[in-house]
Amino acid sequence: MHVDFSPEELAFQQEVRAFFRDEYPEDIRQKRDKGMELEPEDQIRWQQLLHKKGWAGINWPVEYGGTGWTPVQKYIYATEEANANAPLVIPFGLSMVGPVIYTFGNDEQKQRFLPDILASKVWWCQGYSEPGSGSDLASLKTRADLVGDHFVVNGTKTWTTLGQHADWIFCLVRTNTDVARQQEGISFILIDMKSPGVSVKPIILLDGVHEVNEIHFENVEVPVENLVGEEGKGWTYGKVLLQHERANIAGVARSRYRLRRLRKQVKSSVRGAAPLIGDKNFMRRLAAVEVELKALEYTELRTLAAVSSGKAPGPESSILKVKGTEIQQAIDMLSVQAAGYYALPYVPEQYKPDFADQYVGEEAETQSSLRYFNFRKASIYGGSNEIQKNIIAKHVLGL
Amino acid sequence: MDFSLNEVQEMLADSIDKFIDNEYAFDTRQKYAASDAGFSADVWHTFAELGWTAVPFREDDGGFNGDQIDIMVMMQRFGRGLLVEPYLANIVLAGGILKRVGNAAQKQKWLQPIMAGQLQASLAFTEPQARYDIANLATTASADGTEWILNGQKGVVFNGGTSDLIIVPARTSGKQDDESGITLFAVPTDTAGMSLNAYHTVDGLRAAELSLKDVRVSGDAVLGNTGDGFAALDETIDDATLAICAEAVGIMQVLKDKTVEYSKSRSQFGVPIGSFQALQHRMVDMLTACEQAQSLLLWATMTAAEGGAEAKRAVSSIKYLIGTSGQTLGEEAVQLHGGMGVTWDLDVAHYFKRLTAICQLFGNADWHLDKLAA
């Protein structure tokens with residue numbers, strides 16, 4: 001039992017560090033460091049650079065173009081990626097639908113979809129929640145009726161993140177209503193967003209940002225070959241995907257980066273008599289979150305070590321999701337408290353690329369409250385934290 | 001990075017697990033705790049025979065060269081069994097000082113019999129006024145020719161009442177809370193002027209108040225260099241802090257498991273109480289607390305075993321986490337057991353009491369959080 005890296009792992013760390021130093025585009029770096037919004041093109045350009053390096057499919061098996069990295073390599077990568085403040089890879093293709101297709105899809109689907117997902121040539125979004133089906137996801141009502149060689153899809157999906165940019169959507173739909181349990185009769189299908197009858201309606205979140213959407217399907221025709229796996233087994237596939245999603249949203253490396261920035265900020269941010277580092281109450285709160293995060297870091301490492309590579313994480317990933325989002329939100333609140341009055345100015349325009357006017361406050365300050373508001377979503381999405389606790393109670397504690 | 005136990009640790013873990021499962025049922029523990037000495041001399045001899053009392057000592061002293069990780073493996077299991085035998089007092093505390101600064105003759109005289117299970121020893125690491133500051137010493141030692149004369153009060157000396165030897169830190173120079181000017185003395189309890197007032201502690205263990213009145217010892221009693229005792233004291237307390245955190249994690253896991261079990265078997269309103277969501281979520285929180293504590297314990301112990309700049313931070317981090325989430329977990333275990341949880345008969349109450357005691361030892365949560373916040 002030991003904490004240090006092997007010589008090979010240290011060499012890998014150097015390689016990753018060098019990559020972020022040399023290949024991470026300077027213009028994207030500057031936008032990120034100033035807290036400016038990225039254009040979808042920036043995001044795609046970055047993901048394609050990762051693909052060129054062979055690092056797009058972090059968790060994918062090698063046979064499908066993945067890295068085949070060990071848990072420790074993934075940990076090292078996530079740490080360096082966060083330390084570079086590089087943008088998070090949009091998860092819908094690479095972390096969600098990709099694993100479902102390579103695990104449950106047929107060969108034709110693997111050949112058709114996986115290369116474009118790896119190369120970020122196709123922007124994917126997620127069609128899970130519905131206006132009437134949130135925590136009770138299996139109650140979903142969007143129908144896909146088989147008519148000849150295609151499904152006809154009718155219904156509404158919601159909370160579809162970045163759906164306004166998407167080329168394709170993966171959906172859980174009901175293909176059979178005559179079932180004993182509502183978890184049966186659900187299928188996993190892939191839908192081209194350009195299909196006639198698909199419409200996208202923005203939902204503006206409390207921070208004023210257009211991030212999520214409602215997607216309407218009106219008699220949308222979907223070829224039957226876009227069904228992944230067996231008809232009626234979509235709930236099982238969807239749960240596997242959610243476990244990937246949950247493990248991913250713990251965000252340990254990002255939280256560590258943000259805490260380190262806060263540690264710097266408390267030394268330099270002087271408003272009034274003394275820097276914030278002299279505020280014992282604040283510093284205690286900060287230290288307490290650091291302890292929780294260090295524990296979570298090792299909980300994640302233990303989980304990774306226990307999961308042999310390629311295998312999907314189990315219900316333990318729910319612990320990571322709950323604790324990880326609690327920590328993220330605690331850091332959000334610390335940032336607001338660190339900003340004081342300068343948490344107040346609502347000046348989103350100064351984070352747009354063409355902003356030429358005078359800045360208000362420091363970036364870390366005026367963004368703190370927007371981030372705090374926006375990330376209240378963290379304990380709600382991916383299955384609310386209360387749903388995660390239901391899952392743990394049932395599948396881990398056997399209650 | 002590797003979380004697996006090595007071969008020796010696997011064997012150690014296995015033998016302790018077997019011992020607890022086969023020979024250390026809860027009512028046996030209660031019997032030992034209620035005995036005159038407060039623990040079983042037979043069990044202690046078994047510890048020595050199995051070599052457990054030699055684990056953290058150097059090979060050339062007859063030990064197994066164990067480090068903090070080996071002690072963690074053991075203490076976590078001792079926590080599971082809620083053992084009352086004085087491993088902490090003898091091996092981690094008194095032994096921790098002797099192995100660091102004892103000379104060959106002192107090791108021969110004191111450490112060998114400790115390892116053989118033939119001598120009971122303890123460390124008087126605190127004084128009534130000192131709270132958690134181990135440098136705060138009003139006990140003095142003044143030189144008289146080649147001899148020393150000790151005067152002062154020591155508080156809550158674990159197993160002081162059953163000890164043959166007490167290691168006494170005393171001030172030989174400097175101000176009351178200076179780190180320098182502390183000297184460590186090995187003082188047999190039958191030395192004239194040593195008086196012990198032994199008592200039970202709330203967790204079923206034993207401790208004593210020690211008063212030293214003109215206690216005269218020879219120069220041979222000085223462990224290490226005069227005035228330089230702080231480093232050994234500090235390192236030993238850090239080891240002990242990690243050790244009780246491991247014990248706490250073992251206790252937390254038992255409390256969580258017993259609570260989940262109980263909620264499945266206890267019916268109210270015609271259904272097991274574990275079917276109530278209000279309770280399910282609280283047990284999930286207990287599980288999360290266990291996992292987080294186990295994770296941080298591994299990090300803290302491995303980090304301390306490596307030494308280096310992060311070691312102090314690691315010790316304070318785990319002690320803070322145990323002091324907050326561990327205490328809460330204990331309270332939840334009692335609450336979810338309902339009325340049964342507050343009875344003397346139920347093992348849960350005794351695990352809870354030991355956990356509570358651990359939270360107060362070697363700096364409580366606030367003490368360590370202050371160090372981390374600095």
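# Close-up views of a predicted two-chain model

**View 1. Surroundings of Leu297(B).** Which residues are in contact with Leu297(B), leaving aside its neighbours within four places in sequence? They are Met72(B), Cys245(B), Ala246(B), Val249(B) and Ile318(B).

**View 2. Strand S4 of chain B, covered on both faces.** Strand S4(B) spans residues 165-171, and seven of its seven residues are buried. Leu165(B), Ile167(B), Pro169(B) and Arg171(B) are on one side, with Ile166(B), Val168(B) and Ala170(B) on the other. In a regular strand, side chains alternate between the two faces of the sheet.

**View 3. Strand partners of S4(B).** S4(B) pairs in the parallel sense with strand S1 of chain B, residues 121-123, over three bridges. Within that pairing, Ser122(B) has Ile166(B) as its bridge partner. Strand S5 of chain B, residues 182-188, runs antiparallel to S4(B) and is joined to it by seven bridges. Here Arg171(B) stands opposite Ile182(B).

**View 4. Helix H11 of chain B and its cover.** Helix H11(B) covers residues 365-373, and its buried residues are Ala365(B), His368(B), Leu369(B) and Ala373(B). Seen down the helix axis, these residues fall within an arc of 140°, so they line one face of H11(B). What covers them includes helix H9 of chain A, as well as helix H9 (311-336) and helix H10 (347-360) of chain B.

**View 5. The side of chain A that touches chain B.** Contacts between the chains involve 29 residues of chain A and 31 residues of chain B. Helices H9 (280-306), H10 (317-339) and H12 (385-395) of chain A each supply at least two residues to the chain A side. H9(A) gives the largest share, 15 residues. By class, this side has 20 nonpolar, two polar and seven charged residues.

**View 6. Asn154(A) in strand S3.** Asn154(A) is found in strand S3 of chain A, residues 150-157. Is Asn154(A) buried or partly exposed? Asn154(A) counts as partly exposed, because 17 C-beta neighbours lie inside 10 Å, whereas a buried residue needs 20 or more. Not counting residues up to four places away in sequence, Asn154(A) touches Thr142(A), Arg143(A), Phe217(A), Glu218(A) and Asn219(A). Gly35(A) is 119 residues away along the chain, and its C-alpha atom is separated from that of Asn154(A) by 39 Å.

**View 7. Chain A as a whole, for context.** Chain A has 12 helices and eight strands. The C-alpha trace spans about 75 × 50 × 45 Å along its principal axes. Buried residues make up 39% of chain A. Of the contacts in chain A between residues at least 6 apart in sequence, 72% join residues at least 24 apart.

Methods:
Residues numbered from 1 in each chain as written. Chains lettered and ligands numbered in written order. Predicted model: local features only at pLDDT ≥ 70, side-chain atom pairs only at ≥ 80, totals over all residues. Helix = DSSP H or I, 4+ residues; strand = E, 2+ residues; numbered from the N terminus. Buried ≥ 20, exposed ≤ 12 C-beta atoms within 10 Å, placed from the backbone. Contact = placed C-beta atoms within 7 Å. Nonpolar A, V, L, I, M, F, W, Y, C, P; charged D, E, K, R; others polar. Arc of directions from axis to C-beta. Pairing = 2+ DSSP bridges.
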